Amino acid sequence: MRQMIDKYLGYLLIFLMVLITLDVLWGVFTRYALGSQASWSEELARFLLIWIGILGAAYAAGQRMHLAIELLQLRLDQRGRRYLLKIIAGLVLFFAIGVMVIGGGQLVYLTFILEQRSAALQLPMGLVYGVIPLSGLLISYYKLQDLLES
């Protein structure tokens with residue numbers, strides 16, 4: 001299951017990277033070749049960057065490639081490292097559930113209730129913010145797997 005999620009999350013990130021590249025190229029083309037930038041291209045690039053960054057963090061957590069300071073880990077024996085990694089995974093799991101899933105879910109709910117929309121694209125902002133609880137669920141899944149495997 002984990003490999004399947006990794007695979008499709010990687011494909012989604014590749015797709016979003018291609019999409020943001022095409023969007024930025026379109027914005028540059030319309031600004032310099034046509035004299036007026038498409039009004040929606042900058043906003044779309046901003047929203048895509050949010051999705052890429054937050055989903056990329058989930059992907060990095062799943063690949064165990066996230067940024068880490070390993071000074072303490074290098075000084076511990078094998079048993080101590082295992083406990084330290086469990087503590088770290090537990091703290092990340094706590095943060096992902098508390099802040100990203102619950103807090104992000106409340107943010108999404110609030111923006112849908114208030115019917116907040118983006119300026120140029122008129123997208124519901126709940127769709128843009130929806131990546132926060134989604135990424136939180138993915139990180140929670142990955143860290144729970146890490147806790148169960150170690």
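Which hand does the crossing of α1 and α2 have? The crossing is left-handed.

This is a predicted model, in which local features need pLDDT of at least 70, side-chain atom pairs count only at pLDDT 80 or more, and totals for chains, interfaces and linings use all residues. Residues are numbered from 1 along each chain as its sequence is written, and side-chain values use heavy atoms, with hydrogens and water left out.

**View 1. Helices α1 and α2 cross.**
Helix α1 covers residues 2–32 and helix α2 covers residues 41–63. Helices here are DSSP runs of H or I with at least four residues, numbered from the N terminus. The two axes come within 9 Å and cross at roughly 155 degrees. Axes are lines fitted to C-alpha atoms over the stretch in contact, and angles run from 0 to 180 degrees between N-to-C directions. α1 and α2 are therefore roughly antiparallel to each other (an angle over 145 degrees). Their crossing is left-handed: the near helix is turned anticlockwise from the far one by less than a right angle. By class, this contact of α1 with α2 has 18 nonpolar, six polar and three charged residues. Nonpolar means Ala, Val, Leu, Ile, Met, Phe, Trp, Tyr, Cys and Pro; charged means Asp, Glu, Lys and Arg; the others, Gly among them, count as polar.

**View 2. Helix α1 packs with helix α6.**
Helix α6 covers residues 131–149. α1 and α6 pack at an angle of about 145 degrees, with their axes 12 Å apart. This crossing of α1 and α6 is left-handed. From α1 come Arg2, Ile5, Asp6 and Leu9. They meet Leu138, Tyr141, Tyr142, Gln145, Asp146 and Glu149 of α6. Contact means heavy atoms within 4.5 Å. By class, the contact of α1 with α6 has five nonpolar, one polar and four charged residues.

**View 3. Thr30 sits in helix α1.**
Thr30 belongs to α1. Thr30 is buried, at 2% relative accessible area. Buried means under 20%, exposed over 50%, and partly exposed in between, with a 1.4 Å probe and protein chains only. A polar atom of the Thr30 side chain lies 3.0 Å from the backbone oxygen of Gly27. Leaving aside neighbours within four places in sequence, Thr30 is in contact with Gly35, Ser36, Gln37 and Ala38.

**View 4. Lys86 sits in helix α4.**
Helix α4 covers residues 78–113, and Lys86 lies in it. Lys86 is partly exposed, with a relative accessible area of 30%. Lys86 and Leu148 are 62 residues apart in sequence. In space, they are 9.3 Å apart, C-alpha to C-alpha. Neighbours within four places in sequence aside, Lys86 is in contact with Leu147 and Ser150.

Ser118 is in the loop between α4 and α5 (125–129). Ser118 counts as buried, at 3% relative accessibility. Its side chain makes a polar contact with the side chain of Glu43, at 3.0 Å. A polar contact is a pair of N or O atoms within 3.5 Å; within protein, one must be able to donate a hydrogen and the other to accept it, and residues adjacent in sequence count only if both atoms are side-chain atoms. Not counting residues up to four places away in sequence, Ser118 touches Glu43, Phe47, Leu123 and Met125.

Most residues other than glycine have a negative phi. Glu115, not a glycine, has a positive phi of about 55 degrees. Phi of Gln122 is also positive, near 60 degrees. Glu115 is exposed, with a relative accessible area of 64%. Gln122 is partly exposed, at 45%.

Definitions and conventions
Helix = DSSP H or I, 4+ residues; strand = E, 2+ residues; numbered from the N terminus. Parallel < 35°, antiparallel > 145°, perpendicular 65-115°, else oblique.
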